[in-house]
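Trainee: Hi! I'm new to this one, could you walk me through it?
Mentor: Happy to, let's bring it up and start with your questions.

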Amino acid sequence: VGHGTHCAGIIAATINNSVGVAGAAQVRIMAEKGLGMNGGDSISLANCIIHATNAGADIISNSWGSPSYSSLIASAIAYATANGALFLAAAGNINANQPYYPAAYDDVTAVAATNASDTKASFSNYGSWVDVAAPGVMIYSTMPTYHVTMNNEPRFTQTYSYANGTSMACPIAAG
């Protein structure tokens, strides 16, 4: 849908090439696809976490979530952190002080979003379970150069676009 491409560009777009955007860090990325246009399930997401861990991921940035607790996801995250991975997750975008998973699991660094005034973004979830905040409003990054759901919307373009969310704050914090 374009969401993953946008998040990947935030963290790892090439710097100093005079094209588009610069990523927050110059790292190798491993794209894991656990969700599709119609969502996904805990098994697919847990498999992505385990695969990334087994492939040697040092940092796992997650721009997905739900208000529902999953013992399977919690176990996969525990496996990742026990194997040395730093696990970050978006805090959610419903302006609520309620746990949002995977961000609210104990082994996860939960990332909220801030605005240009460096205050909580109006949509960002918050609470004692949130660990850090990073910019999440009007974040410019890469988009697929082909048609996807996200760039079908008038506010998005192909190649580069702005987006808002804790999904954008999470890769900035991971960088």
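Trainee: Which residues in helix 1 meet which residues in helix 4?
Mentor: Keep in mind as we go that this is a predicted model. On the helix 1 side you have H3, H6, C7, I10 and I11, and they meet S167, M168, P171, I172 and A174 in helix 4. Those contact residues divide into seven nonpolar, three polar and no charged.

Trainee: Where do those two helices sit in the numbering, and at what angle do they cross?
Mentor: Helix 1 covers residues 3–12 and helix 4 covers residues 166–174. Their axes come within 8 Å and cross at roughly 30°. Angles under 35 degrees count as roughly parallel, so helix 1 and helix 4 are roughly parallel to each other.

Trainee: And is that crossing left-handed or right-handed?
Mentor: The crossing of helix 1 and helix 4 is right-handed.

Trainee: What about C170, buried or exposed?
Mentor: C170 has its place in helix 4. Its relative accessibility is 0%, so C170 counts as buried.

Trainee: What does C170 touch, apart from its neighbours within four places in sequence?
Mentor: C170 is in contact with S61, N62, S63, L88, A89, A90 and V111, once those neighbours are left aside.

Trainee: Switching topic, where is N125 found?
Mentor: N125 is in the loop between strand 5 (109–114) and strand 6 (132–135). N125 has a relative accessible area of 0%, so this loop residue is buried.

Trainee: Which backbone atoms lie 2.9 Å or 3.0 Å from a polar atom of the N125 side chain?
Mentor: The backbone oxygen of A91 lies 2.9 Å from a polar atom of that side chain. For the backbone nitrogen of N95, the distance to a polar atom of the N125 side chain is 3.0 Å.

Trainee: What else does N125 touch?
Mentor: Not counting residues up to four places away in sequence, N125 touches A91, G92, N93, I94, N95, A96, Q98, Y100, A112 and V130.

Trainee: Okay, backbone next. Which peptide bond is cis, the one into P102 or out of it?
Mentor: Look at the bond from Y101 to P102, which is cis with omega near 15°. You'll find P102 in the loop between strand 4 (86–90) and strand 5.

Trainee: What is phi of N16 near?
Mentor: Phi of N16 is near 55°, a positive value in a residue other than glycine. N16 is found in the loop between helix 1 and strand 1 (35–36). With a relative accessible area of 78%, N16 is exposed.

Trainee: And phi of D118?
Mentor: D118 has phi near 60°, again a positive value in a residue other than glycine. The place to look for D118 is the loop between strand 5 and strand 6. D118 is exposed, given its relative accessible area of 59%.

Trainee: Last one: T114, buried or exposed?
Mentor: T114, which is found in strand 5, is buried, with a relative accessible area of 7%. Setting aside its neighbours within four places in sequence, T114 is in contact with T119, K120, A121, A133, A134, P135, G136 and V137.

Definitions and conventions. Residues are numbered from 1 along each chain as its sequence is written. This is a predicted model: local features need pLDDT of at least 70, side-chain atom pairs count only at pLDDT 80 or more; totals for chains, interfaces and linings use all residues. Side-chain values use heavy atoms; hydrogens and water are left out. Axes are lines fitted to C-alpha atoms, for helices over the stretch in contact, and angles run from 0 to 180 degrees between N-to-C directions. Helices (H or I, at least four residues) and strands (E, at least two) are DSSP runs, numbered from the N terminus. Angles under 35 degrees count as roughly parallel, over 145 as roughly antiparallel, 65 to 115 as roughly perpendicular and the rest as oblique. A crossing is left-handed if the near helix is turned anticlockwise from the far one by less than a right angle, and right-handed if clockwise. Contact means heavy atoms within 4.5 Å. Ala, Val, Leu, Ile, Met, Phe, Trp, Tyr, Cys and Pro count as nonpolar, Asp, Glu, Lys and Arg as charged, and the others, Gly among them, as polar. Buried means under 20% relative accessible area, exposed over 50%, partly exposed in between (1.4 Å probe, protein chains only). A polar contact is a pair of N or O atoms within 3.5 Å; within protein, one must be able to donate a hydrogen and the other to accept it, and residues adjacent in sequence count only if both atoms are side-chain atoms.
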